[in-house]
Amino acid sequence: MITKDALWIVAEFEGTRIAPVTLQLLTKARAIANGRTVAAVLLETPAQTGEETLAQYGPDEIIVAQDEAFQNASDRTQAEQLTALIKANQPNTILFGATPEGRSLAPRVQDQLETGLTADCLDFYYEQDLLVAVKPSYGDNVMCEIVCPDRRPQMASVRPNTFAAKKATGAARIERVDATAAADSACVMQKTAVKIAATTSLSGARKIIALGRGANKDAVIEGVRKVADKLGASVGVSRPLTDRPDFTAEQQIGQSGVTVSPDLILNLGISGAVQYQVGMSSSKLVISVNRDSKAPIMVQSDYVWTGDAAALVAALQDLL
Amino acid sequence: MKIVVCIKQVPGSNRVSFDPITHNLVREGMAGRMNPFDENAIEAAVRLREQVGGEVVLLSMGPDATKETLHDGMAMGADSAYLLSSRAFAGSDTLATGYILAQAIRKIGAIDLILFGRQAVDADTGQVGPIVATELDLPQATFAEKIQPLDAQHVVVNRDLGAVTQTVQLTLPAVITVRAEANQPRYESPVAIQQSLTKPLTTWTDQDLTLDASRIGQAGSPTIVRKVYAPEPTTRAAKPLPQDPKEAAKALLDILQAQGLL
Ligand SMILES: Cc1cc2nc3c(=O)[nH]c(=O)nc-3n(C[C@H](O)[C@H](O)[C@H](O)COP(=O)(O)OP(=O)(O)OC[C@H]3O[C@@H](n4cnc5c(N)ncnc54)[C@H](O)[C@@H]3O)c2cc1C
Ligand SMILES: Cc1cc2nc3c(=O)[nH]c(=O)nc-3n(C[C@H](O)[C@H](O)[C@H](O)COP(=O)(O)OP(=O)(O)OC[C@H]3O[C@@H](n4cnc5c(N)ncnc54)[C@H](O)[C@@H]3O)c2cc1C
């Protein structure tokens, strides 16, 4: 039996694995569920299953619809299947990853259910039965709290890498359901490719050294690459450095780049503009180096060093 | 090919501040402008018309001042425009907006393709395109970076979904949302601006459309923005490391060691 009034996470594949945001949402959902059943809902094919991975992150239930039709399924097909499951089982809350795919599916489901959907949240919590979704607007310059008081389910998409995923013990009940949606002859996938750069990118990195305009020198960057190698860290940048040929938008941290939440981020020569900050504010340990002790990044940091980034990088190289 | 491009007028600037007394949002640069992604959608539509013929129709819901943005769009090459303007539309969230636009598209009729920007830069949801597609039960390709006409019934779209790219073939009519990478919008020439002033711009109110009153404006909007505020900069301890760079580097590595990060 699928539990009614539950909190559902719509699981997503990224290439051949379950998308990290799905696991992040499971961890966060468990933390705020307050007795409510947490369920993952997954559309999969016989050739590619995901319940094993999902089970490691502690949902109470995993609702699985398996069918060949979900191979390269269109947004419409997936949304129709999800809507049918939702209508039959009446969850209270549904969360999607705010990935391009999640942001394409969720509004289709929303429209079929005629309910509210808050986009791209950075936080969410319950006030009794009401989901309060906190989302940025106006290019992350403003935060707003959005609620859906009168209709259910209440829905939100949540920005990837805003929360950390943690494995959890406990056996998930697996509920297998029949697939009912048909393949979509009006939207036929001709080709799909996984972008290598994106999957080896920053978003999953546990340690990051980030470079800003104050570290925009070839010698410093070379030194940082060596230090990063020794520490097992990835190198990220603020937006100005994406103008360099050796960095691309995929390495950019921030609102118009990637959001990261590593265990460690070391910021070198970054001022800490709000658009940068939203991309890294959930990092566990933040250490920043800036020659201006009043740069905004400093109060966003656990440890700070005021001085020339080049000098600190050189000293680190000597020690490692 | 008859193409509708939905465009939204957004605030002239995303720089916002808060009135210290009322805590209300104060937008700088109040004059509106076209949502930048919608310029890419218009450009994509005009290029399709240049390739296969047809017409490009603009559609926007908003206050009367939105006419200026519609004229800009016609100066970029669109042939005609519709403005949906009524007090009854005020307070519409994405669900109500999508419903109203869909009803207008039904009334315009005989549409092959409906284009949207990937998202509006003020509210940043990107939900309106897929909602309209669902209202009209049409297939969609979001986050398009390339659109190629195939024949009278089909287009081929390259989608960039971040981790993956897809090439999909859509049967028309269909909905596409357009990324900035799709094209470089053209400049409006003085001649084009002149011509845009004589192109037809029709205003429809709620009375001109077939609408279920419970689906428009505030009544038709399940979401409520209950609070708007400046993001709290997270403040942390900002403990200084020793002044000397060598000692600072050593202290830094000690911290990493202590936290199991080495
Ligand atoms: C819509 C929009 C989206 C945006 N998206 C992003 C985004 O995703 N990511 C992003 O990063 N930015 C983004 N920006 C840009 C953002 O506002 C800032 O301009 C940018 O983050 C600044 O980068 P920075 O800190 O490297 O450079 P600066 O602000 O120029 O700061 C350089 C810092 O380095 C310090 N410094 C200089 N020399 C040294 C030295 N020798 N040693 C140590 N410190 C030194 C300076 O004191 C200064 O604090 C966006 C802007 C807009 C409007
Ligand atoms: C701060 C803030 C936050 C908000 N958050 C949410 C939210 O999370 N959920 C929600 O349901 N509503 C939200 N709203 C309401 C939302 O802004 C309106 O419903 C708006 O009319 C459409 O949504 P959008 O701006 O996100 O457009 P998007 O869905 O981002 O726009 C995508 C595309 O749709 C087309 N389009 C959008 N609006 C129009 C229009 N009026 N006329 C013609 N074409 C258009 C354009 O092609 C545009 O590029 C929010 C509003 C504010 C002020």
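Select ligand 2 to begin: it lies between chains A and B. This is a predicted model, in which local features need pLDDT of at least 70, side-chain atom pairs count only at pLDDT 80 or more, and totals for chains, interfaces and linings use all residues. Residues are numbered from 1 along each chain as its sequence is written, chains are lettered from A and ligands numbered from 1 in the order written, and side-chain values use heavy atoms, with hydrogens and water left out.

Next, show the residues with a heavy atom within 4 Å of ligand 2. There are 31 of them, and the closest are B:Cys6, B:Lys8, B:Asp38, B:Thr94 and B:Thr125.

Now pick B:Met61, where a polar backbone atom is 2.9 Å from a nitrogen atom of ligand 2. At B:Ser92, a backbone N or O atom lies 3.0 Å from an oxygen atom of the ligand. Alone, ligand 2 exposes 920 Å², of which the protein buries 91% (accessible area by the Shrake-Rupley method with a 1.4 Å probe; for residues, only the protein chains shown count as cover).

Then colour the two chains separately. In contact (heavy atoms within 4.5 Å) are 79 residues of chain B and 81 residues of chain A.

Finally, select B:Asp137 and A:Arg76. They form a salt bridge, with the closest N and O atoms 3.1 Å apart (a side-chain nitrogen of Lys or Arg within 4 Å of a carboxyl oxygen of Asp or Glu). The rule finds 8 salt bridges across this interface of chain B and chain A.

Conventions
A polar contact is a pair of N or O atoms within 3.5 Å; within protein, one must be able to donate a hydrogen and the other to accept it, and residues adjacent in sequence count only if both atoms are side-chain atoms.
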